[in-house]
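Hi,

Here is the structure I promised to pass on.

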Amino acid sequence: MPIKSISAATRRRFLKGAAAAAGAAVFIPAPFAIGQAAKVKLGVLLPYSGTYAALGHNITDAMILAINEAGGTLGGRPVEYVKVDSEADPSKAAANTNKLVVGEKVDFLTGPVHSGVAMAMAKIVREEGTITVVSNAGADAVTREMCAANIFRTSFSNWQTCFPMGPEMLKRGHKRVVSITWNYAAGQEMIGAFRESFAANGGTIVKEMLVPFPNVEFQALLTEIASLKPDAVFSFFAGGGAVKFVKDYAAAGLKTSIPLFGSGFLTDGTLPAQGAAAEGIVTTLHYADSLDNPVNKKFREAFKKATNRDADVYAVQGYDTGKLLMHGMTAVKGDTGAKKEIMAAMRGATLDSPRGKFTFSKAQNPVQDIYLREVKNGDNVVIGVAHKALADPARGCTLA
Amino acid sequence: MTVLPRLVLLLLLIGLAALVVFPFFAERFYLQLVTKIMVTAILAISLDLLVGYAGMVSFGHAAFFGLAGYALAVLQRDFGLVLLWTTLPAVLAVCGVAALIVGWFSIRTSGIYFIMITLAFAQMLYYYFNDSRAFGGSDGMFIDTKPTIEIFGFELVSLRNRIAFYYVTLGALVASYLIVRMILLSPFGRVIAAIRINEPRARALGYATRNYKLACFVIAGMLAGLAGYLGAAQYGVINPAFLSWHQSGQALVVVILGGMGTLFGPVLGAFVLTLLEEFVSGLTERWLVVIGAFVIAVVLLLPGGIASLLVRLRFGRRMQPAP
Amino acid sequence: MADSGRAGTILEAVGLSKQFGALAAVNNVTLGFESGRVHAVIGPNGAGKTTFLNLLSGEMRPSAGNVRFKGQDITGAPPNRISRLGIGRSYQRTNIFLALTCLENCWIAAQSRLPSSMRFVRPAHRLTSVREQAERALATCGLAGRAGTVAAAMSYGEQRQLEIGMMLAARPQLLMLDEPLAGMGHDESLQVIDLLRRLAADHTLILIEHDMDAVFSIADRITVMVNGEVLETGSIEQIRGSPAVQEAYLGREDAE
Amino acid sequence: MDLSFLLIQSLNSIQYGFLLFLVASGLTLIFGIMGIINLAHGSFYMIGAYLAYWLNLKTGNLLLAIAIGLPLTIGLGLVVERLAIGFLYSRDHLYQVLLTYGLILILNEMQRILWGNDVHGVPVPDVLAASVPLTQTQSYPVYRFFISAACIAVAAAMYLVIHKTRLGMTIRAGAVNREMVQILGIDVGRLFAIVFSLGAALAAFSGMLSAPVNSVYPGMGEQILIISFVVVVIGGIGSILGAFVGAMLIGFVDTFGKVLVPEIAGIAVYALMAVVLLWRPQGLFGGRPA
């Protein structure tokens, strides 16, 4: 795999700096000028250490898989992956983005997992103009206030994953619900989207509970839920917090009396750890492992073969990121100088993704089906489509 | 501290000269990298004043760094202030007041309790910003316009210009160094040193030691605010992670690595650690092991930090920070 | 010797007590110290002498009673304020800035007499009056030749001398010395006794000391404390002749 | 708010408090006796949890996993003490903070190398899998009671060891006066090695015990670290009793804070710590100035 660590480039850059100092500066224009064989630089800003490292690896590997399946090139040019560990640390996000965009002068940038990192990243690429594909972070603002012609997203907006759940829960007769999430931006956006569709259709949110992030001691709030006796609970947690919440919820005996709903992240990638506690939880998400379509089957097999790991929603997002970049680069036959054309092609793309076909909205966020899933026998089984071709409202986005 | 060894002074001057001419040769990325390092160096200097000279080990120093960023963002968003002349003093005042409050409580304790209470205050601020929607919660805020220096509406310097930003930061670094040095050489500095060595004795000699410690805490907090102001303005982003305990820990690492109680050491520490991270994180995904091992090695083998290496080469003994 | 002509009371303890739990370390002590005199406080170990001194110098807050300095109530005032009133003190366990040189130790003491040390701009070494004051104190305590020596590197006796020097550098009117001779060799003791005698010429001295020869040779008045209470106060002759002291203190000491 | 609600919340508080105590007791033990601030304490907690997960997978029995895992963590504690901590006893706290900070980075990577980045669950042992109904809607898992019982047992064992055995006597003496212990001819180096590995094992033990209710994930150590420091500082560093009271206080403040004033729940425990330190700068039961 043509993965290059950043150090080689860094060292070369030092030398180049020295050369410049010696007065022998050689300005090298866009690599394209040298010929078709020049490498395309793809910057990847994802967490490879810390809590989100698993996500970072799956996104990266699936993206490389997508490109390798098509011969390992973008528009006929070999790819040089420049990876930077984001550590999911927003305080380092700007400097890390800068390292790729300004330091490495990458042609394309992808990443990150963490919304806070995404915000800092979006801020910089808006100014620098680097074509950027957000491959996970769901911060609404990325394709709303912060939207730009050069910023794409292949994952989701937080709003998208939760908005369809309101009507669904009402349809099931749950009129009084409690919502619970971590007190941070993603949690608030998810619950906000749910509130929007739930309250508008006559539902009542008895209480919106916020747990300090990343606190995982839920017992007090579970007791409160038990005493409030709502019809159902809507929740968003992810990773270790999701595992603990679902297990605690079941152990507190709430599962049998008060059904649990949530954003799909509640049960994605966490089911083996959650075990029986997760059975019966209904969630909405733009993907499910068991989605029955040929693209998904093929992708999952290929990913397993390439990495010896099972694919998940994050891998799908990475895969589609690779596909989207290929689409853009194929349209210009690898001419990275033709930015406008690349962006136009990307904007107009219809991706045949493992999650099903999807297109891009004017704000360049996926217009995608949101699936209704229920945990059965340790698997997120698709029981329907909660919302067909849902587009984020893109409030505040000025892209026409 | 009174007189720097000649070798060190020479090295510092060479380093300063290199920094002055650096923009003429550097690529944009390195310009920004060195700017970032100089910001870290200012933070490290302010922490060295606190830890190395006054003996107050703060594990929450990043709180003032981050607070400054938020103050700048709020001044710009809600008050429309963009001039350096108005925003910088306002930001420093905010940090000074915050340090006054935090310090007033913290200096009543000492040793590990001081370490922990400063951590507690930093965590409180962290959660405050993390939980508050007005300040963008965990996603943070943007600083869209870079501060400018204007006279009669005529723009003299805009920090949008990266070279201008570089030189303003370099100026701030040199000024911070000289200011702290001046303070250390002053009567106040002698009292601070005496308090570090033996606080009860200093009290018995007639010094209201708490007032001196508090003053020192406020000065350090404001200098950290200066660093935070520049750090937030550089990339135009501020979020709660800037105040996290990792940041505070990182700042301590820089100070000790460089050599606390030497003032120039922490500046070296900022350069060495940042460049090391840049380098190692490109070599391997497991780069944190390397950094961890490096930190442990320095603690075990070089307790005086990099500075002690320089000074030991020259004198064969550890430098004593005397008042 | 001391100017006994105008012997007004400079420092006064009224009903002073300090409880540690159930233990009364100092119990209802009322005692006056006359200006310009050398007043020794003696008593067996655990009699409460050091605690008494700590109450006078502000190191501890009394449980009851008052301390008056020149008629002004200073009960419970912090040590830094009491020091500024002109009361200096040395400690039973050497209490100096070990990492600093002798001159720096005295410098810090001398500088404490500035109205405020919240001065950030001018270098301290330009304060010539402070330097002179510090050097004078060093000379007085006999360490003029060791100005540049780091305190930690000196002998115990020299450190005790330095502590007296620090006290002097702060130019107090009243000196409280807690066992200044403890742990000193014979020659060093003689030097310090000589120094104390010279100091007595223009200072009020309160002295806690176990070396009876030294006490009897320099003290004007002696207070004997036992079990936190004042047993007897008087001149050397009175104390020597007191049967109570003989029995309770000197007698006991023989048994020790 | 009715009475049963209040009672159940108190139960939650106490149960959480017990867990915190278990983690914090090792931390306070290490500080009290050795004067070492161990930031890597949370990492031992995490390692315990991963060991429980891994050994449970291999043996199929959590209790057996704990029995095998404990000696392993004691061994790891010894290694860390000999290779790193042992050189720091005479050094300033600052260096201890720094060295153990470096240890965190290394131990976190070790975890990633050995066990990967996934989130794992550990099943509750079958014998303890039941739940006790408390109200119509809520029941309480037996395993949580088991954790509390185990905490009480550990606390009792610690009390007995510290107050009734020769090792405990030396530990107490060492906590009061380190030189004294040396004078008495006790091998302080050995004593410290024992104490450190015991403390590490305590952290690991709590990680193992709570693995079934907490799940196992990267970064779990740092979360528990900060909160257990708060516990220790509130209680007074070095005091086991203080750690217990501190843990219970935090348990209550955190539990009721989340329910009653959710807006500031994140701040509550730190505010509590600040208030306690202002009132008693040495912590509630801290005697020796640190």
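Which cysteine does a disulfide join to Cys147(A)? The partner is Cys397(A), with 2.1 Å from S to S; a pair of cysteine sulfur atoms counts as a disulfide when they are within 2.5 Å.

Before I go on, some ground rules: this is a predicted model, where local features need pLDDT of at least 70 and side-chain atom pairs count only at pLDDT 80 or more, while totals for chains, interfaces and linings use all residues. Residues are numbered from 1 along each chain as its sequence is written, chains are lettered from A and ligands numbered from 1 in the order in which they are written, and side-chain values use heavy atoms, with hydrogens and water left out.

Back to the cysteines. A search of the whole structure turns up one disulfide over all chains. The torsion about the S-S bond of Cys147(A) and Cys397(A) is about 90 degrees, so this disulfide is right-handed. It links distant parts of the chain, 250 residues apart: Cys147(A) is in the loop between strands E6 (131–134) and E7 (151–153) of chain A, and Cys397(A) is in the segment after strand E16 (379–390). (Strands are DSSP runs of at least two residues and helices, H or I, of at least four, numbered from the N terminus.) Cys147(A) is buried at 6% relative accessible area, and Cys397(A) is buried at 18%. Buried means under 20%, exposed over 50% and partly exposed in between, using a 1.4 Å probe and protein chains only.

Cys102(C) is in no disulfide, as the nearest cysteine sulfur, in Cys106(C), is 7.1 Å away. Cys102(C) is buried, at 0% relative accessibility. For Cys141(C), the closest cysteine sulfur is also that of Cys106(C), and 5.6 Å is too far for a bond. Cys141(C) is buried as well, at 2%.

Now for where chains C and B meet. Contact (heavy atoms within 4.5 Å) involves 34 residues of chain C and 25 of chain B. Together the two chains bury about 2,600 Å², 63% of it on carbon and sulfur atoms; buried area is the accessible area (1.4 Å probe) that two parts lose on being put together, summed over both. Asn80(C), Phe97(C) and Phe120(C) supply 23% of what chain C buries against chain B, more than any other three residues. One salt bridge crosses this interface, meaning a side-chain nitrogen of Lys or Arg within 4 Å of a carboxyl oxygen of Asp or Glu. Arg201(B) and Glu163(C) make a salt bridge at 4.0 Å, N to O.

Cheers
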